[in-house]
Amino acid sequence: MNTPSSPAPLVVAEPRLMRDTILAARRAGRRVGFVPTMGALHAGHASLVERAAVECDDVVVSIFVNPKQFGPREDLARYPRTLPADVALLGASGARWVFVPEAATAYPAGHATSVVVAAPAADFEGAIRPGHFAGVATVVCWLFNVVPADAAYFGAKDWQQTVVVRRMVADLAIPIAIEVCPTVREPDGLAMSSRNAYLSPDERRRAVALHEGLESAARHWQAGDDVALVEEAIRAALRAHDVPVDYARVVDPQSLVPPRPGAAAVALVAGRVGTTRLLDNLLLPPRP
Ligand code: AMP
């Protein structure tokens, strides 16, 4: 396991070198953990790396702002890019390698293959961002081939993404374990996100609406309220902070369809704080 005093991670851009390096480590009996990211790293990303460093001998982190998962009117061009600070954070978190592929290696001339995950990608983010999850699944599949690690670590913050990735890995028999780690939050409860950097001071204050809505939903859930009332509690919190709602739903955590009575559920919320879309979610335990 790497420790916080580990040397700076080795930055690798070449897919073949990356793959050979991972395979050599595994042949030497080392367990390799993989954390895919788009960079602009924060404590949420660091928590994934730290968890991987505890459970694995070596940790590899990819930084790739994947153009295929952004829509034509989305924030690809202005997405924050902070590679030197990212590499410093990864050294302190225990990463051994940082994989930074060029877009042209992930999508070579003539690239024509997409991975499309149907049901779990259809609603929520998939409905609002057409093509987003095909972009995610395609790049994650490519990354899992180039970085053939033992386990990959994802944040619960992007709950639907974890469901889509698990589905793809099961359906395509990709030999990698998927681990999901808890959402890291700011002191006021806002889920950490690279996109929080877009928020003005006023928007930053209003952004707490998502977390407040989820906390309110959890109280209604515990009180035994109908799902419709639990969902309305989320919408009310967003209204109170002038945050338009994209969706506020309570669904089954694995299938994202309406929850079964007596089973756990997940509350999913997305809203627009100014021009910035923010997502959050909260697991709701089974109730009698
Ligand atoms: P991104 O760079 O936004 O694509 O995120 C890379 C990984 O970090 C994804 O698995 C995210 O779910 C995860 N992640 C992002 N924000 C957080 C957070 N606040 N807490 C835990 N994991 C996170």
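Trainee: Which residues does cysteine 141 touch, not counting residues up to four places away in sequence?

Mentor: In this predicted model, cysteine 141 touches Val115, Met168, Leu172 and Ile174 once residues up to four places away in sequence are set aside. Cysteine 141 has its place in helix 7.

Trainee: Is cysteine 141 buried or exposed?

Mentor: The general idea is that a residue counts as buried when its relative accessible area is under 20%. Cysteine 141 has 14% relative accessibility, and therefore counts as buried. As for distance, cysteine 141 and proline 108 are 33 residues apart in sequence, and their C-alpha atoms are 15 Å apart in space.

Trainee: How is the packing of helix 7 and helix 8 described?

Mentor: One begins with the axes. Those of helix 7 (residues 132-146) and helix 8 come within 10 Å and cross at roughly 55°. Because of that angle, helix 7 is oblique to helix 8. The crossing of the two helices is right-handed. On the side of helix 7, the contact is made by Phe133, Val136, Ala137, Val140, Cys141 and Phe144; helix 8 contributes Gln160, Gln161, Val164, Val165, Met168 and Val169. By class, these residues divide into 10 nonpolar, 2 polar and no charged.

Trainee: Where is valine 136 found, and what does it contact beyond its neighbours within four places in sequence?

Mentor: Valine 136 is found in helix 7. With those neighbours left aside, valine 136 is in contact with Asn66, Gln69 and Gln161. Its relative accessibility is 2%, so valine 136 counts as buried. The C-alpha atoms of valine 136 and isoleucine 178 are separated by 15 Å, and these residues lie 42 apart along the chain.

Trainee: On the side of helix 8, is glutamine 160 buried or exposed?

Mentor: Glutamine 160, whose place is in helix 8 (residues 159-171), is buried, with a relative accessible area of 5%. Neighbours within four places in sequence aside, glutamine 160 is in contact with Pro120, Ala121, Ala122, Asp123, Phe124, Glu125, Gly126, Phe133 and Leu256.

Trainee: How are helix 10 and helix 11 oriented relative to each other?

Mentor: The general idea is that an angle over 145 degrees between the N-to-C directions counts as roughly antiparallel. Helix 10 (residues 209-222) and helix 11 (residues 227-240) pack at about 155°, with their axes 8 Å apart. The two helices are therefore roughly antiparallel to each other. Helix 10 passes helix 11 in a right-handed crossing. The contact involves Ala209, Leu210, Glu212, Gly213, Leu214, Ser216, Ala217, His220 and Trp221 of helix 10, together with Val227, Val230, Ala233, Ile234, Ala237 and Leu238 of helix 11. By class, the contact has 11 nonpolar, 3 polar and 1 charged residues.

Trainee: Let us turn to the loops. Where does serine 194 lie, and which residues is it in contact with beyond four places in sequence?

Mentor: Serine 194 lies in the loop between strand 6 (177-181) and helix 9 (201-206). Leaving aside its neighbours within four places in sequence, serine 194 is in contact with Gly39, Ala40, His42, His45, Tyr79 and Pro80. A polar atom of the serine 194 side chain lies 3.4 Å from the backbone oxygen of glycine 39. Serine 194 is buried, with a relative accessible area of 9%.

Trainee: What does valine 65 touch, not counting residues up to four places away in sequence?

Mentor: Valine 65 touches Met38, Phe70, Leu76, Tyr79 and Arg81 on that basis. Valine 65 is found in the loop between strand 3 (58-63) and helix 3 (83-93), and at 15% relative accessibility it counts as buried. The C-alpha atoms of valine 65 and arginine 249, 184 residues apart along the chain, are separated by 28 Å.

Trainee: What is the phi value of alanine 173?

Mentor: Alanine 173 has a phi near 50°, a positive value in a residue other than glycine. Alanine 173 is found in the loop between helix 8 and strand 6. This residue is exposed, with a relative accessible area of 63%.

Trainee: And what is the phi of aspartate 242?

Mentor: Aspartate 242 has a positive phi of about 60°, although it is not a glycine. Aspartate 242 lies in the loop between helix 11 and strand 7 (245-251), and is exposed, with a relative accessible area of 60%.

Key:
Residues are numbered from 1 along each chain as its sequence is written. This is a predicted model: local features need pLDDT of at least 70, side-chain atom pairs count only at pLDDT 80 or more; totals for chains, interfaces and linings use all residues. Side-chain values use heavy atoms; hydrogens and water are left out. Buried means under 20% relative accessible area, exposed over 50%, partly exposed in between (1.4 Å probe, protein chains only). A polar contact is a pair of N or O atoms within 3.5 Å; within protein, one must be able to donate a hydrogen and the other to accept it, and residues adjacent in sequence count only if both atoms are side-chain atoms. Contact means heavy atoms within 4.5 Å. Axes are lines fitted to C-alpha atoms, for helices over the stretch in contact, and angles run from 0 to 180 degrees between N-to-C directions. Angles under 35 degrees count as roughly parallel, over 145 as roughly antiparallel, 65 to 115 as roughly perpendicular and the rest as oblique. A crossing is left-handed if the near helix is turned anticlockwise from the far one by less than a right angle, and right-handed if clockwise. Ala, Val, Leu, Ile, Met, Phe, Trp, Tyr, Cys and Pro count as nonpolar, Asp, Glu, Lys and Arg as charged, and the others, Gly among them, as polar.
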